[in-house]
Amino acid sequence: MRLLQSGIRSWPLTWQEPARVTCGAHGHPAVIYAALNARLPSVTTADAWHALAGGALIGVGSATLLLLNGRIAGVSGILGNVIRAAPGEQGWRIAFLLGLIVPAMIFGAGSPLLPVDWRWAAASGLLVGIGTQLGSGCTSGHGVCGLANLSVRSLLATLVFMGAAVVTVLVVRHLVVT
Amino acid sequence: MKFVTALCAGVVFGAGLLLSGMTEPANVLGFLDVFGDWRPQLALVMGAAVSVTAPAFLYVRRRGRNARGEPVELPDRRRIDSPLVAGATLFGIGWGLSGICPGPGIVLLSTRSGIAFVFMGAVIVGMAALTLLRRAAPG
């Protein structure tokens with residue numbers, strides 16, 4: 001199992017390289033679970049400072065959009081309004097979404113451990129798309145802006161989506177894979 | 001001008017996602033994996049982001065206007081209804097399957113990975129499907 005885990009960790013988990021191994025004694029095909037099964041080395045002090053500094057930047061970005069545009073920096077809300085061609089100016093929405101990707105285009109996003117199977121990614125994306133529109137927000141809209149606005153509604157949404165995500169990871173990582 | 005400030009806000013927000021490690025799904029899944037090898041970064045990211053954003057909300061809420069003096073309507077803070085809970089549940093399950101939420105999903109398109117495009121494509125399809133459904137059957 002340890003050997004398998006280290007093997008999974010060192011995989012280049014990209015869509016071009018379908019990884020076909022069986023996992024654990026049950027012989028589940030690990031192909032769709034590989035990203036979930038990946039374990040990173042333990043958290044360093046530098047990771048913690050990056051998390052705090054990065055979080056502060058996310059806060060500065062959200063505060064900027066609120067103070068200068070009077071808008072909530074909720075990524076799913078902004079994207080949803082672009083898709084349904086909501087009334088009001090679309091320019092600032094598209095500008096914000098394009099801005100998100102600029103630093104990654106300059107500095108690169110590293111080699112993130114993405115799901116290996118496209119069907120897994122599609123199922124995840126569909127649920128995220130439907131859920132964020134039905135629940136009026138995602139991690140940025142409810143989790144950052146809503147909590148900063150001391151919103152009871154957003155606090156509940158954040159607790160519910162975090163809880164659902166914790167249960168999902170528990171099921172997939174601990175009850176299905178191993 | 002609105003275009004420029006929104007672009008700048010997006011760039012800073014995107015830089016934050018990148019620096020914080022939230023564009024690495026394994027960090028996000030590590031946070032959600034409270035029964036395994038727990039990774040606390042996401043809590044630090046959210047704590048820092050909320051602390052920095054909160055004063056801006058306080059300012060705008062008190063004045064009812066933004067820093068440019070334009071009237072701002074903030075979202076409802078109290079109404080709890082079933083779409084909120086159902087939507088948050090579905091979003092949480094989807095988020096837990098991949099460790100990717102909409103912000104990092106957009107940033108990950110920069111990797112040109114097919115999986116990132118499949119994910120964001122599915123997000124857009126899901127959003128559009130719900131919009132069409134709501135138009136067909138309002139309320």
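Helix 7 (residues 139–148) of chain A and helix 3 (residues 41–63) of chain B have axes that come within 7 Å and cross at roughly 45°. Helix 7 of chain A is therefore oblique to helix 3 of chain B, oblique being what remains once angles under 35 degrees (roughly parallel), over 145 (roughly antiparallel) and 65 to 115 (roughly perpendicular) are set aside. Here, axes are lines fitted to C-alpha atoms, for helices over the stretch in contact, with angles running from 0 to 180 degrees between N-to-C directions. Helices are DSSP runs (H or I, at least four residues) numbered from the N terminus.

This is a predicted model, in which local features need pLDDT of at least 70, side-chain atom pairs count only at pLDDT 80 or more, and totals for chains, interfaces and linings use all residues. Residues are numbered from 1 along each chain as its sequence is written, while chains are lettered from A and ligands numbered from 1 in the order in which they are written.

Here is who meets whom, with contact meaning C-beta atoms, placed from the backbone, within 7 Å:

| Helix 7, chain A | Gly143(A), Val144(A), Cys145(A), Leu147(A), Ala148(A) |
| Helix 3, chain B | Met46(B), Ala49(B), Val50(B), Thr53(B), Ala54(B), Phe57(B) |

Buried means 20 or more other C-beta atoms within 10 Å of a residue's own. Among the buried residues are Thr139(A) and His142(A). After this helix comes Leu150(A), with a positive phi near 55°.

Note on methods
Helices (H or I, at least four residues) and strands (E, at least two) are DSSP runs, numbered from the N terminus. Two residues are in contact if their C-beta atoms, placed from the backbone, lie within 7 Å. A residue is buried if 20 or more other C-beta atoms lie within 10 Å of its own, exposed if 12 or fewer, and partly exposed in between; C-beta atoms are placed from the backbone.
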